[in-house]
Amino acid sequence: MVGDKARGEMNAFQRNESKETLFTFISAGDDPPKGDFPVQKKSPKLCGSNYPLSIAFIVVNEFCERFSYYGMRAVLTLYFLSFFHWDENLSTAVYHAFSALCYFTPVIGAIMADSWLGKYKTIIYLSIVYVVGHLIKSVGAIPSLGNQAVHVILSMVGLFLIALGTGGIKPCVSAFGGDQFEEEHTSERNKFFSIFYLSINAGSLISTFVTPVLRGDVKCFGEDCYALAFGVPAALMVLALVVFIAGSGLYRKTPPQGNVLLEVCKCVGFAIKNRLKNRSRQIPKRDHWLDWASEKYSKQLIGEVKMVTRVLFLFIPLPMFWALFDQQVQYSALQVCLLAWGIYVLQPDQMQFLNPLLILVFIPIFDLGLYPLINMCKFNFTPIRKMATGMILAGMAFGLAAVVEVKINESDMPQLVPEESLIRVLNLAKNPVQVTIQDQDLFQQPVEAFQNPVEYSKLILNGEEQSLRFTLQHQGLSLDFNYTVKEKSVYSLIVFEAEGSLSSRLITDLEAKPENGLAAVRFINGLSEDVNLTIDNERFIAVQKNYSASEYSLLERDKYNNGKCITEMGEFTLELGLLDFGASYTIVITNVSGGAVKTWKSEDIKANNVHMAWQLPQYLLISAGEVMFSITGLAFSYSQSPASMKSVLQAGWLLTVAVGNTLVLVVAQAAPMAQWAEFVLFTVLLFAVCIIFSIMGYFYVSVDPEDLEEKEEKRETSSRGNMISLVTKKTKL
């Protein structure tokens, strides 16, 4: 009985667990167990490789999102110029401010991902914000919806939400993709970042070619269809969100680690505060200034903060690369606004497609050809060296951009200075005319009838304005005319016959090339009756009789042979021919014959004669530089960051882009200068920064986060030894 009772009591103890305190030896550097950690599931592999199937959804999502972003951005500058009618400086400033904001907001996304929601939920929630921003931006581009103030407000709100969405998910998507790989598949993970970047540029390539076509070739509301050009990227962002959610069941989802950024800041602050309190020489020095936080924070956290601060310090010179890169992409469209390539004419915003196209070509060439070849030559082409090489190539590209800018300026008007003006003579009479100007030694030879002036001549004045006597000698007769000429102005002296006598007019010409690659045209009516002109079925110009001149009209580059000229005698065909980009024309209506108007066309300002081929070398260099710099930097920042701060350090990498865009704004506003001079300045700055970065990189030693953790554990074990610690464990009796 007693034995049975004892056995029953033992069974009761066996059935019920109790807590008992046991003595266990643990290392001083180890943290007590904090509960069970979730085991990350392994995603199915792609075609028997070591690539998880889940990355296919991430790559497709990135392709659609980048199509959405770059498609919208491709037409943004021209949207400001033509829809809002802002000037080039304001349009460029807002563009760079938006770009900078897109790379400041990754900090917000990184904090949300690593400290609060996790990467997966952060991507979903901010993608919804992204979609809403696109929709508001598209609605704001509908011309019939309110006045310009409404359009500007809607567009700015939409751009802010887009910046918050695209920036917020940017560090999370790349880090989330890296999380899908097991630690032993480091090589595959590095190649994933190349594939990831490939998808970015594939989306950019297609969108920067398609959305300008939607803007320019599709007409809605009677003008360029910006609403459609912004609406299609919005649809692609919706698709990106749907694709990402579809792969939910395959993802390895790393849970957030608490408020990591706050802990890092507290650790840094405590280390600085503790070091300042212990400045006595009697206190032993420590290996690193962050070691002064060891009284309060764990060795593991301190080691991770050391890693992050070392990488962030290395990132300090990098914004200069992005300052040049973003300027090169932005100004390439404005540098040569419309470029002929065979029988096809590129739109200015389509020019940007060359960069992603070259990226798609260079990535496999570099990964499969150039880098293995360099390794065969026994050259240690480290990530730091790759990034420095990319900076050198970008600097060379910007130097070539300065050369192209100088080439473009060759066809521009001479720079006007005080007490000087420019003048030319248009002889619309039937015979040669000798022109003499008071106190000026110009026009030594007679001006032939309808002679196209080669260039303007310089007038030297004795003040801000001066009254000059113009003497015209024609068939033995001499006539004098007095005109007031102002400094820093451009004039045409029109000589013509009226009522059997010689007469003249002094009219004002354009002082500079038309902006944005447009062509400028004005008309002089040589008929004895007023005329009404129609150029493109939308533009109507009224010109009075007897050699009166119209104002300049700005037109896109095209052949205009279907115009109309309406007079008292009837309606006649008006053929203007090709109005080339960047040129200014004066068209004289001479007479009406055979049902058509006879005209004479004079080119006041020469057309841009820079061929597309001039820009190819700089695109080759900047694209090769981007592959070496950006892809390497993306993989480098992931590999050098501890597991709890992947998104934070990715955000730090993207923050260099934001600082670069801000730097462009500061330099452009602080020291306005000629465009070519600004290119040269940034080129010199980038080469100087490249030298600094190379020196910093020489002393940088790459660290594996896991190796660092093991090293810290061993160091703590050797320094403090083993100790007896009480740990509560569950046992069975």
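Trainee: Which residue in β9 stands opposite Val 435?

Mentor: Leu 472 does. Keep in mind that this is a predicted model.

Trainee: How many bridges join β7 to β9?

Mentor: Four. Strand β7 covers residues 434-437 and strand β9 covers residues 465-474. The two run antiparallel.

Trainee: And how many bridges join β9 to β10?

Mentor: Ten bridges there, again with an antiparallel run. Strand β10 spans residues 477-486. In that pairing, Gln 466 stands opposite Val 485.

Trainee: What about the hairpin of β9 and β10, how many residues sit between the strands?

Mentor: Two. Gln 475 in that hairpin takes a positive phi near 50°.

Trainee: Switching to charges. How many salt bridges does the structure hold?

Mentor: Eleven. One of them pairs Arg 424 with Asp 509, with the closest N and O atoms 3.7 Å apart. That pair links distant parts of the chain, 85 residues apart. Arg 424 lies in strand β6 (residues 420-427), while Asp 509 is in the loop between β12 and β13.

Trainee: Is Arg 424 buried or exposed?

Mentor: Arg 424 has a relative accessible area of 2%, so it counts as buried. Asp 509 is buried too, at 4%.

Trainee: Which residues are linked with them in a network of salt bridges?

Mentor: Arg 522 and Asp 604. Together with Arg 424 and Asp 509 they make up the network.

Trainee: What does Glu 62 form a salt bridge with?

Mentor: Arg 66, with the closest N and O atoms 3.9 Å apart. Both lie in helix α2, residues 54-74. They are four residues apart, about one turn of the helix.

Trainee: Why does that spacing matter for direction?

Mentor: An α-helix has 3.6 residues a turn, so residues three or four places apart point the same way.

Trainee: Buried or exposed, that Glu 62?

Mentor: Buried, because its relative accessible area is 6%, under the 20% cut-off. Arg 66 is buried as well, at 3%.

Trainee: And what is the relative accessible area of Lys 564?

Mentor: 35%, so Lys 564 is partly exposed. Lys 564 forms a salt bridge with Glu 571, the closest N and O atoms being 3.7 Å apart.

Trainee: Now Lys 513. Where is it found?

Mentor: In the loop between β12 (501-508) and β13 (519-525). Lys 513 is buried, with a relative accessible area of 15%.

Trainee: Which backbone oxygen does the side chain of Lys 513 reach at 2.5 Å?

Mentor: That of Lys 606. The Lys 513 side chain also reaches the backbone oxygen of Gly 582, at 3.1 Å.

Trainee: Leaving aside its neighbours within four places in sequence, what else is Lys 513 in contact with?

Mentor: Its contacts include Ser 411, Asp 412, Ile 605, Ala 607 and Asn 608.

Trainee: Which residues in α11 are buried?

Mentor: Among them are Leu 301, Ile 302, Val 305, Val 308, Val 311, Leu 314 and Phe 315. Glu 304 and Lys 306 are on the buried list too.

How values were computed: Residues numbered from 1 in each chain as written. Predicted model: local features only at pLDDT ≥ 70, side-chain atom pairs only at ≥ 80, totals over all residues. Heavy atoms only, no water. Buried < 20%, exposed > 50% of the residue type's maximum accessible area, 1.4 Å probe, protein only. Polar contact = N/O pair within 3.5 Å; in protein donor to acceptor, adjacent residues only side chain to side chain. Contact = heavy atoms within 4.5 Å. Salt bridge = Lys/Arg side-chain N within 4 Å of Asp/Glu carboxyl O. Pairing = 2+ DSSP bridges.
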